Amino acid sequence: MSLVRTDITDGVALITLDDPDRRNALGGPLGDDLVAAVDAVEADTSVGAVVVTGEGRAFCAGADLSDLGASERDGLLAIYEGFLRVAHCPLPTIAAVNGAAVGAGMNLALACDVRLAARRARFDTRFLQLGLHPGGGHTWMFRRVAGPQAAAAALLFGEILDGAEAERVGLVWRCVDDDELLATAHELAARAAAAPRELVVKVKETLGAMAGVATHDEAVDLELDPQVWSLHQPAFAERLAALQAKISKR
């Protein structure tokens, strides 16, 4: 029985970590099931966006380090596979953080393009408190998303952020009431899913590539080819014609 559920509505795949007794800890079967779930939604052309959340009161309580095996490096890399698969997903991704996101659970949230948090959410790196160095690209993702001061406050000084504080420091896009989290995430994801899938994938790819661009001129060059490509797609002609028809009726 899979430890990850997938439900698809309006072109949005809701991927739910479903191991509440272990607080959705990564590693082992759950990690494998998460990889399989992302593979499946990517292969489904009806899906245009992905929301990741957790069953129960935890989003993801970190990594299960109880059985790393003979090779600790390989064991750690195996744990990373679940959130790295989400990070490498070409579709737009939203983390709907419903509760505790601890250690590698924060990595899963950081791997998504956008994070929404319930008020009861808790973002807790906890690495230093466990005597463990961060892994899986945690320091890079955290610093890149929320900046060096927020990353230092959490990683070096043990600050734990609830949903509202996470919004204040820029770690999440929005904090909402607990019972509104999934509806808000679905509404946001559905906007991306309503756009042409191939175009959305290209825009996400360009956004990622901009991390290595230093000047405006380079950015203009990087965007030019995909914009020209989009001019020749049926969706552009159809949507432009619909807009022109709407304007002409005013």
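This chat goes through salt bridges in a predicted model.

Reader: What should I know about the model before we start?
Author: The model is predicted; local features need pLDDT of at least 70, and side-chain atom pairs count only at pLDDT 80 or more, while totals for chains, interfaces and linings use all residues. Residues are numbered from 1 along each chain as its sequence is written, and side-chain values use heavy atoms, with hydrogens and water left out.

Reader: How many salt bridges are there in the whole structure?
Author: The search finds 11. A salt bridge here is a side-chain nitrogen of Lys or Arg within 4 Å of a carboxyl oxygen of Asp or Glu.

Reader: Which residue does Arg-85 pair with?
Author: Glu-42. Their closest N and O atoms are 2.7 Å apart. Arg-85 sits in helix α2 (residues 72-87) and Glu-42 in helix α1, 43 residues apart. Helices (H or I, at least four residues) and strands (E, at least two) are DSSP runs, numbered from the N terminus.

Reader: Is Arg-85 buried or exposed?
Author: Buried, at 16% relative accessible area. Buried means under 20%, exposed over 50%, and partly exposed in between, with a 1.4 Å probe and protein chains only. Glu-42 is partly exposed, at 22%.

Reader: New topic. What does Arg-5 bridge to?
Author: Asp-18, at 3.3 Å, N to O. Arg-5 is in strand β1 (residues 4-9), and Asp-18 is in the loop between β2 (12-17) and α1 (28-43). Arg-5, Asp-18 and Glu-55 are linked in a network of salt bridges.

Reader: And where do Arg-168 and Glu-165 lie?
Author: Both are in helix α6 (residues 163-168), 3 residues apart, about one turn of the helix. Arg-168 is exposed, at 60%.
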